[in-house]
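Dear colleague,

I am passing on the structure below, followed by an account of what I found when going through it. Please read the account alongside the coordinates.

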Amino acid sequence: MSQPVLEARGVSKLFPAGRSTVRAVEDATLALQPGRIVALVGESGSGKTTLARLLARFYPPTSGEIRLHGEVVKGKPRAYYSDVQLIFQDPFGSLNPLHRVRYNLERAVKLHHPKADVDQRVAELLERVSLTPVEQFIDKFPHELSGGQRQRVVIARALAVEPKVLLGDEPISMLDVSIRLEMLNLLDRLRTEDGLALLYITHDIASARYLCDDIVVMYAGRMIEGGPKEDVIADPLHPYTQLLIDSSPDPERSDRPDLFDAEDLGEPPSLIDPPAGCRFHPRCPLAMDVCRTEAPPRTELPGGRWTHCWLQEKR
Amino acid sequence: MIMLRSWKVRIGLSILGFFILLAVLGPLIGGDPRANDISSISQPPSAHHLFGTTQFGQDVLAQTIAGARGSMLVGILAAAIGTLIAILVGVPAGYFGGAVDNGLNFLTNLFLVMPVLPLILIVAGYVQGTGPFVIALIIGLFGWSGGARTLRAQSLSLSSRDFVLAMRMVGEPHRRLIFFEILPHLTGWISAMFLHGMIGGVMAEAGLAFLGITDSGSISWGTMIQAAQQQSAVLRGLWWWFVPPGLCIALIGTAATLVNFGVDEVSNPKLRQARRSVIVRTRKVVSA
Amino acid sequence: MSAVLVVEGLTVDYVTGAEPVRACDDVSFELRRGEILGVAGESGSGKSTLITALTRLQRPPAVTTAGRIEFHGTDLVALGPDDLRKLRWTSLAIVLQSAMDALNPVMRVGAQFVDVLRAHDKTLSRKDAWTRAAELLGMVGISADRVRSYPHELSGGMRQRASIALALACGPELVVMDEPTTAVDVVMQRQILAQVLRLRRELGFAVVFVTHDLSLLLELADRIAIMYGGRIVEIGTAESLYGKPRHPYTRGLRDSFPPLRSPLRKLNGIPGSPPDLRNPPPGCPFHPRCADRFDGCDEQRPELLTIEDHAVACRLYPSGEDQS
């Protein structure tokens, strides 16, 4: 496996909330390789967006380190941003309503390639994200575009920087269903053509399976399982991953016996005062005594899989 | 201009426009406000003196028109100074946060809790030759803190909006983020603030003049009322002396309030939803 | 079985600008007792407009310009506000996407149930009403000691379930649900759906379930109506719609959901953007995005015609016959 472009090692983020602290992300470790897509899957409050924002350096980690090309990042993030770009969830919010498409792209090109032929590069960028014919889109304001077209502009703006890493924070969840796949296909194409390293954050495990190579599952601020996507989905190691997969809409669902009672699935814990031990133990039908007291360590398994679950540790 | 759709905005802006026009063209139409007509002293309105005359035989109409210039000049100047300071203090405070915010916010709060009127009195009394420019400067210097607080709050929320974060990731410098991404979204607030400042300036000037702080040689609505008060115009029933300048000040206040209400209605969809025209049109379709 | 709800030719216009915008165009369907009808559509499909028209919650500038909504033989369109009020809760209840925020934040959850219960049954004592409130919350898996909680003390998922229980408080025959699970996570969504299915079995109410998520409806609904550009383009049982979708849009929409288990293949969704209702395309509203369009699709508007168990509005099936 090649050298990772971007890495998070043991990263935690605690937010102060009055007298208490919100433990948004704890001990997260993640590596992004060129030309590979990692999906970060979890529910709201699992810490996946916080982790994305840590990787985008919107705020510093409380502990742990972020490494770009093997070096710990520090100082001003300007240079960092020529390698790492983030695609926001809301295409309506991430374009200034007062600026035309052209302005957004021109600024990005001018800032990173001051000597380039700006018009030509802007046109190329729009073509890369399939906003063609270019003349039809270049002078539009965001409100004149559909959600999908806006998200393409956002992606084009990020590409103008020629980054090595693209972080997508639920980039399709606010788009109409029928145009989501085109967006995923676009991301997949960029990964193949440019060798981008991509982090795809989502709550939709089916779309993660469609796009990514590896899946990492987060629960209540912690990473609980990871590995090649088909293995994780076909044979989840952690009971929470099982729950997540069982809960996802699936028209092909066969009537297999469920591990969980569908009428009482429970809810994720508060991050201010999370349960001791494994954070999933209050909901876990297989919880043992050790689960209630000690946080499970990372268990490495063959085939690049790993999990934090006492069940696997015992094996 | 979507704002012009509201009748309140249209009326308010027309009133303000009228007075600004009056201030600009005043000298051409008003006649000499200082000329003393000894043949008519303290006369009620007549064909010769439409608004009557003062105790000194000066034409009230000419004085009111000239006063528009004095009052509006102070109002606009004070508003410009106050708004500018509010922008320079409020926007960076909200945008940068941290130490910058702490410092600027401290300054804002300091001016916010300062007893402004006594301070203006002291400063204005201290400064020699309080012409309209000095008065405007004083009013502006002491009247920006409320606006700065509003702009700080707005910039604070705008600077964490996705589009600002996204442009920052693209590599935009702070200067451009402030002036090209954030400031354009504040124009509504800033123009409302300017209008408010202008009214405040006109009123403050009137107040200061009434207290005798301003240079009595200059003519404004405030100095007119002060002169009338000094000559006990109220007791002597010379109503035509103080009513026109007072009415002008009230009209300016009304105009600003109308504009504010109107802008609110247009920009707040919840208020707009119940617009009468829409309901009437809906009824028509239903009954047809 | 008898029909609870018959909608015929329902047409809703928005009269904001000079030209009225038609958000719901000649929509007709029937709902039988205890049936779950799913309505799937994207932005601009008219599904939200349909909901407000069905429940008569519509406000200006939206106007129902044609059609009937027959609920047990009474035309709701013609009904006055007083009669409507009597009908709400007792016969017709609504759960909205943001229902969790519709609970009064300064009132105990149970008290809001008591208000609703006693407003519709004057003979009910206060004490009995509280007991009933606890029972209702129990139906959606909220324990009885939560009756005295304030809404902010409950999680989002609990509030959403509480509002479903509140909708069922007076034993309605029809519950209209507008994206009731969009604001909650997948696990909570699964739990809510399981509860709705059980309660439907026990209480026998019918459901109109509106969502953008077709994959969800395929598991939940008995029949599904697909809306596009303000019209129903296809309606049929969940099995037939999933197994044999006729309309190119339905097919495209079904293939917009990547599978969770079966082998992956490249999927393309549907190219283009959903229609702008202010400026609808002529002919079939889907023709600009349709891969199967042919001469005339941009001129003639296809009617909804029945094929076997299934109705479709597409010129590929001209006389209601199945071509494929």
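**The sheet in chain C**

Strand β1 (residues 3-14) of chain C pairs with β2(C) in the antiparallel sense over eight bridges, where two strands pair if DSSP finds at least two bridges between them, and where helices (H or I, at least four residues) and strands (E, at least two) are DSSP runs, numbered from the N terminus. Please bear in mind that this is a predicted model, in which local features need pLDDT of at least 70 and side-chain atom pairs count only at pLDDT 80 or more, whereas totals for chains, interfaces and linings use all residues. Residues are numbered from 1 along each chain as its sequence is written, and chains are lettered from A and ligands numbered from 1 in the order in which they are written.

Within β2(C), Phe29(C) is the bridge partner of Val7(C). The open sheet has four strands in the order β2-β1-β4-β5 (chain C), with antiparallel pairing. Because β2 (21-32) and β5 (74-75) of chain C stand at the edges with a single partner strand each, one side of each is left without a neighbour in the sheet. Helix α1 (residues 47-54) of chain C lies across β1, β2 and β4 (62-71) of chain C and runs at about 65 degrees to β2(C); axes are lines fitted to C-alpha atoms, for helices over the stretch in contact, and angles run from 0 to 180 degrees between N-to-C directions.

**Contacts between chains**

Two residues are taken to be in contact if their C-beta atoms, placed from the backbone, lie within 7 Å. On that basis, 39 residues from chain C and 34 residues from chain A make up the contact. On the side of chain C that touches chain A, the elements giving two or more residues are α6 (186-203), α7 (214-220) and α9 (248-254) of chain C, and α6(C) supplies the largest share, nine residues. That side of chain C divides into 17 nonpolar, 15 polar and seven charged residues, with Ala, Val, Leu, Ile, Met, Phe, Trp, Tyr, Cys and Pro counted as nonpolar, Asp, Glu, Lys and Arg as charged, and the others, Gly among them, as polar.

Chain A also has 19 residues in contact with eleven residues of chain B. On the side of chain A that touches chain B, β6 (84-87) and α2 (101-112) of chain A are the elements that give two or more residues, and α2(A) gives the most, with four.

**Helices of chain B**

Helix α3 (residues 98-113) of chain B packs against helix α6 (residues 145-159) of chain B at an angle of about 145 degrees, with their axes 8 Å apart. Where they meet, α3(B) contributes Asn105(B), Thr108(B), Phe111(B) and Leu112(B), while α6(B) contributes Ser145(B), Gly146(B), Ala148(B), Arg149(B) and Arg152(B); by class, this contact has three nonpolar, four polar and two charged residues.

Helix α10 (residues 221-230) of chain B is largely enclosed by the rest of the structure, because eight of its ten residues are buried, that is, 20 or more other C-beta atoms lie within 10 Å of their own, with C-beta atoms placed from the backbone. Among the buried residues are Trp221(B), Met224(B) and Ile225(B). Just after α10(B), Ser232(B) takes a positive phi of about 50 degrees.

With best wishes

Methods
Buried ≥ 20, exposed ≤ 12 C-beta atoms within 10 Å, placed from the backbone.
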